[in-house]
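I opened the model in the viewer today. These are my notes on what I looked up, entry by entry.

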Amino acid sequence: RGQDKADDGSAPPQKRWFRQRAHVNPLSHNDAFDYPLRPADVDWSEHYPDYYPVDGSAPAPALREAAAAGVQMADVGCGFGGLTMALAPLFPDRLVLGMEIRDKVAEYVRLRIAAERQRVGTHGNAAVVKTNAMKYLPCLLRRGQLSHLFFCFPDPHFKAKNHKRRIISPTLLAEYAYVLRPGGRLYTVTDVRELGEWMARHCAAHPALRRLSDDE
């Protein structure tokens, strides 16, 4: 069902029309979408038209540095886009990308961003892609591209047999380190103590990562 108000895209989407299962098995073969083979194949004009004009022209001078740097902040498993939406105006000189595996939820975030662009002219530096970050992150992002990588309230996958589905693991941390620039930061947050300890333990054990001090 469509939106109740405004066909011009200025009305924010209503979450009740975008219900979907809370969790998806990221290891199942359920990827009914196209994905690039390498970062150079991504058409970013679809996501950030102000920064990558569709006609191939150069962006406005004020946007050129951000366009040259590409996406610098990634919100993996962005859900309904709360953090992605909050980061964009806080860091207007950086491109922010939300990543979500559930198609209806990703569409909700896309419409939410479009509504803000139409309504108040903000969030041109925010976008969302439907993707499986556990499989395709290096297909989207270059080596050393990100300044910040966020994992907020990931699926805990409580059963031991399902721990291989967790978004933080030694193998995946190698990929995250690959797309982070030197000095880049990886943030995790959860309300599940056991998962929080799991993520902290694996991050601390990875040779490419160092836990920040409280002062930092």
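**Entry 1: Trp44**

I looked up Trp44 and found 13% relative accessibility, so Trp44 counts as buried. (Buried means under 20% relative accessible area, exposed over 50%, and partly exposed in between, with a 1.4 Å probe and protein chains only.) I note that this is a predicted model, where local features need pLDDT of at least 70, side-chain atom pairs count only at pLDDT 80 or more, and totals for chains, interfaces and linings use all residues. I also note that residues are numbered from 1 along each chain as its sequence is written, and that side-chain values use heavy atoms, with hydrogens and water left out.

Trp44 sits in the segment before α1 (64–69). (Helices, H or I with at least four residues, and strands, E with at least two, are DSSP runs numbered from the N terminus.) Which residues is Trp44 in contact with, leaving aside its neighbours within four places in sequence? I listed Tyr52, Val71, Leu97 and Leu140. (Contact means heavy atoms within 4.5 Å.) I then checked Trp44 against Asn125, 81 residues apart along the chain, and their C-alpha atoms are separated by 11 Å.

**Entry 2: the sheet**

I traced 5 strands in an open sheet. Their order is β3-β2-β1-β4-β5, and the pairing is parallel. (Two strands pair if DSSP finds at least two bridges between them.) β3 (126–130) and β5 (180–189) stand at the edges with a single partner strand each, so one side of each has no neighbour in the sheet. The twist averages 20 degrees from one strand to the next. (Axes are lines fitted to C-alpha atoms, for helices over the stretch in contact, and angles run from 0 to 180 degrees between N-to-C directions.)

Next I took β1 (residues 71–76). This strand is mostly covered, with 6 of its 6 residues buried. β1 runs parallel to β2 (residues 95–100), and 5 bridges join them. I picked out Ala74, whose bridge partner in β2 is Leu97. Leu97 is also one of the contacts of Trp44.

At the other end I followed β4 (residues 146–152). β4 and β5 pair in the parallel sense over 6 bridges. Phe151 has Thr188 in β5 as its bridge partner. α5 packs on the sheet and touches β4 and β5. The direction of α5 makes about 130 degrees with that of β5.

**Entry 3: α4 and α5**

How do α4 (residues 133–140) and α5 (residues 170–179) pack? I read an angle of about 25 degrees, with the axes 10 Å apart. The two helices are therefore roughly parallel. (Angles under 35 degrees count as roughly parallel, over 145 as roughly antiparallel, 65 to 115 as roughly perpendicular and the rest as oblique.)

I listed the residues that meet. From α4 they are Ala133, Met134, Leu137 and Pro138, and from α5 they are Leu172, Glu175, Tyr176 and Val179. I sorted them into 7 nonpolar, no polar and 1 charged. (Ala, Val, Leu, Ile, Met, Phe, Trp, Tyr, Cys and Pro count as nonpolar, Asp, Glu, Lys and Arg as charged, and the others, Gly among them, as polar.)

**Entry 4: two histidines**

His123 has a positive phi of about 65 degrees, although it is not a glycine. His123 lies in the loop between α3 (103–120) and β3. Is His123 buried or exposed? Its relative accessibility is 10%, so His123 counts as buried.

His157 has a positive phi of about 45 degrees, and it is not a glycine either. I found His157 in the loop between β4 and α5. At 10% relative accessibility, His157 counts as buried.
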